[in-house]
Each structure stands twice: as structure tokens, then as C-alpha cells.
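Trainee: I have not seen this one before. Can we go through it together?

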Amino acid sequence: MSGLQQPSFGVVAAEAREFSVYDDMPVFFGKRYLSPLSNGSTKRYDFVLQETAVVGADTVFIISYAPQPGKNFNGLKGLLYINSDGWAVQNVLAESHADDKRGLKLQQQFVKVDNRQWFPAELDVEITVQQIYMRGHQPYGHIRTYITNVNLGPPLRRSDFGVIALEQRPDAWRQPEQLWQQYRPDSLSSKEQTTYQRLDSVGQAQKLDRTIRTMEYLMAKQLPIGPISLDLNRLLKVSRFEGLRLGIGAHTNSLLSERFTVGGYWGYGLRDMEHKYGADAAVKLHKPSELTLSVAYAEDVEEPGGRRIPFRERSLLSDLRPALLPNLDYTTQRSAGLSGRMLRYVQWQAGIRQEQRRPTLPLFTPESGIAAPEFNLAEARAGLRFAYGEQYMQLFNRTMPMPSRYPVLWLQYTKGIDALESDGYTYNKFDLRAEGSFRQRSLGETSFVLAGGFVQGDAPFVTLYNGYGSYSSSYNVYAGEGFETMRPYEFFSDRYVALFLRQDLGKRLLNTKLFKPDLVLVQNMGIGDLRQSIPDLEPLEYSNMRKGFFESGLMLNNIISSAFSGVGVGAFYRYGPYALPQAKDNLKLKLTATLAF
């Protein structure tokens with residue numbers, strides 16, 4: 001690294017190390033490229049034998065490859081060196097299209113180890129991003145990976161490996177020069193030494209480290225200041241209910257202790273003119289199993305009829321629904337729980353929660369002057385998240401999951417109990433969620449979310465399920481989760497099942513010189529019922545989804561795009577038993593926003 005004193009190479013290294021010409025679809029910075037050796041590649045690539053070379057008793061066939069004219073897919077071009085000894089790849093060169101927003105060049109070399117097995121020996125990756133300039137300078141990455149001392153029969157077991165696949169130590173950039181000299185396979189030329197000196201001085205003068213650090217803090221949502229880290233996600237929020245919410249939050253970090261954390265937050269909504277605040281503490285009882293004891297207190301807002309699933313983090317743009325909700329419940333919440341990891345891929349959580357819910361839905365105030373009721377609840381809960389094959393990387397002072405090819409499953413059981421100053425509600429609540437994605441060479445990426453829930457017993461209205469709608473007449477932005485044409489509290493159920501499907505066709509159907517968006521098909525459907533009586537709302541009318549709710553959508557993503565983000569448009573139509581009388585009211589147009597990672 002040159003130009004930066006504290007290099008942040010973890011993300012790049014994580015993707016570079018995954019590349020293999022034998023893989024079906026290598027991934028770099030969120031973009032998948034079809035390998036020339038994948039099944040069906042002869043229908044998409046042109047292969048030409050360029051040369052043959054005799055090496056001892058073997059022959060090396062040098063074959064060029066490039067996407068066939070008229071074929072629309074993320075392809076590469078380059079050379080394959082095939083050795084007749086085992087008909088294995090000895091060397092491969094690949095590069096992306098010249099008009100690609102992220103320039104990519106790859107080379108992978110193989111050697112035969114112990115005269116038994118061809119094994120990768122060197123991987124070179126060159127990355128350029130033509131559209132990004134940092135203070136007049138364009139970032140450029142050249143990563144060389146060397147694999148030596150290969151042992152084909154190591155005494156290793158699956159249990160020897162943890163879930164952390166890649167870790168970048170915070171002090172990696174502080175290592176002495178002797179360390180690099182020990183592992184550097186070649187000496188630095190005078191040109192390379194001059195490059196380091198020149199770019200390091202430029203980077204220092206332009207304060208490039210500060211720019212990179214700012215990007216890291218935004219990704220980690222934390223700004224470390226000594227032993228305290230400010231929670232950047234608490235500084236500013238915008239939502240339909242609270243308006244502009246200003247606040248501050250902070251937690252202790254590993255500089256103070258790796259065993260425990262203590263923190264809190266405060267916020268104020270300029271629209272609802274209410275203060276929100278909270279505090280929490282956690283202590284790690286057993287590091288290998290991540291066994292953690294935590295307690296928390298909060299005066300905040302919650303979604304009525306919402307779904308609270310453990311170990312589910314919301315990404316930046318894939319779930320904007322909370323910001324679109326017109327009504328939220330004010331809550332006073334106290335909780336304590338244990339969490340940890342077991343059987344490698346299972347995260348579990350158990351605890352108890354006591355809260356008071358103060359609804360703002362107009363369902364509870366049919367007449368002026370009548371105060372909305374308060375609900376005092378006590379719940380015991382147990383939940384888990386199962387992500388088979390999932391691995392993590394430690395980067396930006398946090399642990400982040402790496403993409404997995406297998407679906408992720410959440411299960412949670414909640415028991416309403418007559419204790420802790422509750423109103424005596426006793427009920428059983430079961431929640432399920434599964435999500436995943438898989439790729440097809442011809443049709444692109446298929447992703448799905450399957451959600452369901454069931455409530456049995458004496459449960460208050462606020463613990464049931466709303467319809468999962470994200471329609472808003474004020475905000476025309478694709479929410480990414482839920483029904484885009486359904487109003488948030490149009491339906492309520494004590495049992496439901498919903499399926500959300502997306503088919504990302506990429507640029508397979510629309511790829512002209514001036515117009516090449518990503519075409520995405522959307523199909524959402526759900527069914528629910530409300531069988532128990534709700535005394536609080538008996539004189540009012542409320543709906544359920546007993547007949548089934550259906551909507552379909554078409555999105556053109558990345559109409560305007562940069563190297564890592566894009567803006568597009570989507571159209572969604574509501575039909576079936578709950579279609580609105582006027583056809584125009586069933587159609588909703590929304591803007592879409594995407595990130596490349």
C-alpha cells in the first residue's frame with residue numbers, strides 16, 4: 001500500500017482470495033463474472049486455440065476466450081493455459097470489459113505439488129475504478145497472493161476452524177519493516193521504492209488517511225474516541241412519524257475492556273416533539289462460545305404489530321420501511337438476556353422483557369377527548385438464527401458476515417406471562433423467517449423472504465401482526481421489505497404467512513449503449529387471519545388478509561449509476577381480492593436505490 005499510512009485492504013483481500021477459475025461465478029465488489037470454465041460457458045464464450053507449446057513430455061494449449069457477439073452477461077476475456085498432464089489449468093489471464101465501471105485484471109497460476117495435485121501458487125489482481133477520484137487522485141489496487149509450503153495431507157479437522165474467516169488486526173500497519181522483508185518474495189525495485197516515498201508524501205499532504213477513516217466509520221457506524229465509540233447511527237434519523245430526529249449515543253470499546261461494554265443514547269424528534277433515551281450494558285462470560293449477559297432500558301418508539309427477530313441487522317438501503325411508518329407506539333422497556341453461539345452456525349438468545357406500550361394509532365381514539373389505552377406486558381422469549389456455512393470477517397472494528405450460498409433461518413418463541421406488573425396477558429407467539437438467494441446462469445439472481453407468525457391466547461392488539469405494508473403517499477421510495485402497495489396498518493392478523501420474491505435479470509434484456517438498467521421482477525403475496533376477538537377495538541372495523549393479498553412489480557435499477565451505487569425506478573401493482581376500486585389507485589411508482597456491496 002502506498003499513499004495511506006493505515007491501509008484498509010480487508011474487503012479487497014476477502015474477495016480476491018475467493019477467486020478461482022474453477023468457480024462457477026467469481027465475485028468482485030458485488031459483481032459476478034461468469035467463469036470461462038463454468039458449465040455452459042461454450043454457449044457464451046468464443047474459444048480459439050492460439051498456440052501449443054511442448055514442455056517436456058507434456059503439451060500446453062494456449063486458448064483465448066471472449067464473450068460471443070450479442071451475448072448479454074457479465075463476462076471476461078483473456079487466455080487459458082491447459083496442461084495435458086491431467087488436463088488442468090496451469091495459468092489463466094482474465095480482464096473485464098473496457099467500458100466496465102470497475103476495471104479488473106486477474107491472473108492465477110498453478111503448479112503441480114508432489115507430482116500429485118495441481119494447486120494455485122500465485123494470484124494477481126489489479127483493480128481500477130475510473131469514476132472515483134480522491135482529491136484528484138485515482139485509487140488503484142494491485143494485490144499479489146503467493147501460496148507456498150503446500151501440504152496436501154494436513155492433520156486438520158473441520159472443528160479446527162472457527163467462524164472468523166478473515167481478520168485484520170488494528171495494528172497491522174504498525175509492523176516493523178523486518179516483518180515485510182521476511183515474507184516478501186521479491187525485493188523492491190528503485191522505481192517501487194520511489195513510488196512509495198512519492199505517494200506516501202502526497203497521501204499525507206492530501207490527508208487521504210482521514211478520508212479512508214471517515215468511510216470506515218460510516219460503514220461501522222462508530223467513531224472511536226479513545227475508549228469510547230460514538231454511535232453514528234444515533235446522530236441523525238429521518239422518519240415519517242418522528243420527522244428529523246437528532247441525538248447522540250456512545251459505547252465503551254475494546255480499549256477499555258474486551259469483556260464488557262456500557263453505553264447509552266438520547267434523541268429528540270422534531271415532528272412528534274418527544275425525547276427518547278436508553279442505556280445498556282453487556283458482559284462476555286465465555287469468549288469461545290460468545291456467551292454474553294446483557295441488560296437494557298429504553299424510552300423509545302416501536303412499530304405496532306411489528307416483528308422483532310433476534311440477530312437481524314438492517315442494511316443501509318435494503319430495508320427503508322421503518323422510516324415510512326406513519327404511527328409508532330411509545331414504549332418503556334426493560335430487558336435482560338443471555339446470548340451466544342452453539343454448533344458453529346447457530347446463534348441463540350433467551351431473556352425476559354417488561355414493557356409498557358402507548359399506541360398512537362387512530363384505531364384507539366375514535367372520539368376526541370378519549371385517551372389511548374396503555375398496555376403493560378411481560379414476556380419471556382427464546383430465539384435462534386441458523387446460517388449454515390456462514391463465515392465472518394473482522395474489519396472496521398466490527399464483525400461482519402460474508403455472503404453465503406445457503407439460506408438463513410430465524411425462529412423465535414415468545415411467552416406472555418402474568419408477572420412484573422403486567423396487565424395479565426398470557427399468550428404464546430411463534431415467529432419464523434427464512435431468506436436466501438441463489439444464482440442461475442440464464443436468469444440471474446433469485447432472492448426470497450418467507451415470513452410467518454402465530455399468536456395463541458389472550459394477546460393485546462399491539463402484539464399481533466400488521467400486514468407488513470410499506471405504502472406511503474408522502475415518500476415514493478422502494479422500501480425493500482414488505483408490500484409496496486399496502487398501507488402499513490391496513491391489515492392485522494394473529495396468524496399469517498408471506499412470501500416476497502425477487503428475480504434480478506441484470507442487463508440481460510436491456511443493454512444498449514445509452515440505456516442499460518438492471519431489470520428486476522418482484523412478486524409478493526401473503527395470507528392472514530384474525531380469529532380472536534379484540535375487546536379494545538370491538539366497536540371498530542379492522543381488516544385481515546383471509547382472502548390473500550397479491551402484488552407484482554417491475555424495477556429498472558441503476559438507470560443512473562456510478563461504480564458502487566445507482567438510482568432507478570419501479571412500478572408495483574396491487575390485484576386480487578383486496579384490489580382497490582379504482583385501477584389507478586392500485587399502481588404505485590417508486591424510486592429505487594442500490595449499492596454494489
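This is a predicted model: local features need pLDDT of at least 70, side-chain atom pairs count only at pLDDT 80 or more; totals for chains, interfaces and linings use all residues.

Trainee: Which residues form the nonpolar patch on the surface?

Mentor: Leu235, Leu236, Val238, Leu244, Leu246, Ile248, Trp266, Leu270 and Tyr277. Together they have about 810 Å² of accessible area.

Trainee: Which strands supply at least two residues of the patch each?

Mentor: Strand S13 (236-239) and strand S14 (243-252) do. S14 gives the largest share, three residues.

Trainee: And where is tryptophan 266 found?

Mentor: In strand S15, residues 260-269. Tryptophan 266 has 38% relative accessibility, so it counts as partly exposed.

Trainee: Now the inside. Which residues of the largest nonpolar core touch the most other members?

Mentor: Phe483 and Phe549, in a core of 31 residues. Strands S20 (375-387), S25 (444-458) and S28 (495-506) are the elements that give two or more residues to this core.

Trainee: What does phenylalanine 483 touch?

Mentor: Leaving out residues up to four places away in sequence, its contacts include Tyr468, Tyr471, Phe500, Met525 and Phe549. Glycines are also among them, including Gly467, Gly469 and Gly526. Apart from this core lies another, of 20 residues, among them Leu76, Leu80, Leu104 and Leu106.

Trainee: Why does leucine 343 count as exposed?

Mentor: Because its relative accessible area is 73%, and the cut-off for exposed is over 50%. The C-alpha atoms of leucine 343 and serine 289 are separated by 9.4 Å, with the two residues 54 apart along the chain.

Technical notes:
Residues are numbered from 1 along each chain as its sequence is written. Side-chain values use heavy atoms; hydrogens and water are left out. Patches are made of residues with over 30% relative accessible area and no salt bridge: like charges are joined within 9 Å, nonpolar side chains (Val, Leu, Ile, Met, Phe, Trp, Tyr) within 5 Å. Accessible areas come from the Shrake-Rupley method with a 1.4 Å probe; for residues, only the protein chains shown count as cover. A salt bridge is a side-chain nitrogen of Lys or Arg within 4 Å of a carboxyl oxygen of Asp or Glu. Helices (H or I, at least four residues) and strands (E, at least two) are DSSP runs, numbered from the N terminus. Buried means under 20% relative accessible area, exposed over 50%, partly exposed in between (1.4 Å probe, protein chains only). A nonpolar core is a set of buried Ala, Val, Leu, Ile, Met, Phe, Trp, Tyr and Cys residues joined through side-chain atoms within 4.5 Å. Contact means heavy atoms within 4.5 Å.
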